[in-house]
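This report describes the architecture of the protein shown below.

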Amino acid sequence: MTKRLTARVAIGLALAVTVLSGCSSEGASTDCGLDACTVTFDRGVEANASVLGVDAKLVGVDGDKVTVEVAGEQLTLTVGQQGTDVSGLNVTLESVNDDQVVVKIAR
């Protein structure tokens with residue numbers, strides 16, 4: 001391998017580790033890219049995740065309205081609603097069903 005290619009591979013691996021290590025969850029799963037994470041919260045448990053430098057928690061569900069806490073602020077969201085800005089991030093509710101709540105958090 002050339003030195004230039006080796007450097008690119010090393011940078012790519014470091015970036016991937018940084019992105020992956022920046023997400024953690026309990027009662028939820030995360031799918032993160034560089035500028036956005038999709039968080040799938042399990043209903044019926046205390047579900048939370050840490051993504052993009054903030055904590056997100058499922059607070060409650062009432063019909064089609066979902067309350068989440070992102071970066072310490074509680075938001076009530078509905079599917080199809082325009083995103084809500086909090087701490088420089090945009091939060092949208094992607095879907096809600098009997099088992100899961102899917103929220104997208106983007107920069």
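The protein exposes about 6600 Å², of which carbon and sulfur atoms supply 48%. The model is a predicted one. Of its 107 residues, 28% count as buried. Among the contacts with a sequence separation of 6 or more, 30% link residues 24 or more positions apart.

**Secondary structure and the open sheet**

The protein contains one helix and 10 strands. Along the sequence these elements follow the pattern α-β-β-β-β-β-β-β-β-β-β. Five of the strands form an open sheet in the order β2-β3-β10-β9-β8, with antiparallel pairing. Its edges are β2 and β8 (84–86), each of which pairs on one side only. On average, and with direction ignored, neighbouring strands of this sheet are turned by 25° against each other. Strands of a sheet in general pair through backbone hydrogen bonds, in a parallel or an antiparallel manner.

Within this sheet, β2 and β3 run antiparallel and are joined by five bridges. Opposite D31 stands T38, a residue of β3.

**Strand pairs along β4, β5 and β6**

β5 pairs with β4 in the antiparallel sense over four bridges, and six bridges join β5 to β6, again in an antiparallel arrangement. V51 has V54 in β5 as its bridge partner, while A56 is bridged to V70 in β6.

| Hairpin | Residues between the strands | Residue with positive phi | Phi |
|---|---|---|---|
| β4 and β5 | two residues | L52 | about 50° |
| β5 and β6 | two residues | G63 | near 65° |

**The nonpolar core**

The largest nonpolar core comprises 24 residues, and those with the most contacts inside it are F41, V68, V70, V91, V103 and I105. Two or more residues of this core come from each of β2 (28–32), β3 (36–42), β4 (48–51), β5 (54–62), β6, β7 (73–78), β9 (89–96) and β10 (100–106).

Not counting residues up to four places away in sequence, V103 touches C37, T38, V39, F41, V68, V91, T92, L93 and E94. Among these partners, F41, V68 and V91 are also listed with the most contacts inside the core. T38, another partner of V103, is the residue that stands opposite D31.

**Two residues of β6**

Strand β6 spans residues 65–70 and includes K65; T67 is found in this strand as well. Is T67 buried or exposed? T67 is buried, because its relative accessible area of 19% lies under the 20% limit for that class. K65, in contrast, is partly exposed, since its relative accessible area of 44% falls between the limits of 20% and 50%.

Leaving aside neighbours within four places in sequence, T67 is in contact with K57, L58, V59, G60, Q74, L75 and T76. The side chain of T67 also makes a polar contact of 3.3 Å with the side chain of T76.

The C-alpha atoms of K65 and L75 are 10.0 Å apart, and the two residues are separated by 10 residues in sequence.

Definitions and conventions
Residues are numbered from 1 along each chain as its sequence is written. This is a predicted model: local features need pLDDT of at least 70, side-chain atom pairs count only at pLDDT 80 or more; totals for chains, interfaces and linings use all residues. Side-chain values use heavy atoms; hydrogens and water are left out. Buried means under 20% relative accessible area, exposed over 50%, partly exposed in between (1.4 Å probe, protein chains only). A nonpolar core is a set of buried Ala, Val, Leu, Ile, Met, Phe, Trp, Tyr and Cys residues joined through side-chain atoms within 4.5 Å. Contact means heavy atoms within 4.5 Å. Two strands pair if DSSP finds at least two bridges between them. Axes are lines fitted to C-alpha atoms, for helices over the stretch in contact, and angles run from 0 to 180 degrees between N-to-C directions. Accessible areas come from the Shrake-Rupley method with a 1.4 Å probe; for residues, only the protein chains shown count as cover. A polar contact is a pair of N or O atoms within 3.5 Å; within protein, one must be able to donate a hydrogen and the other to accept it, and residues adjacent in sequence count only if both atoms are side-chain atoms.
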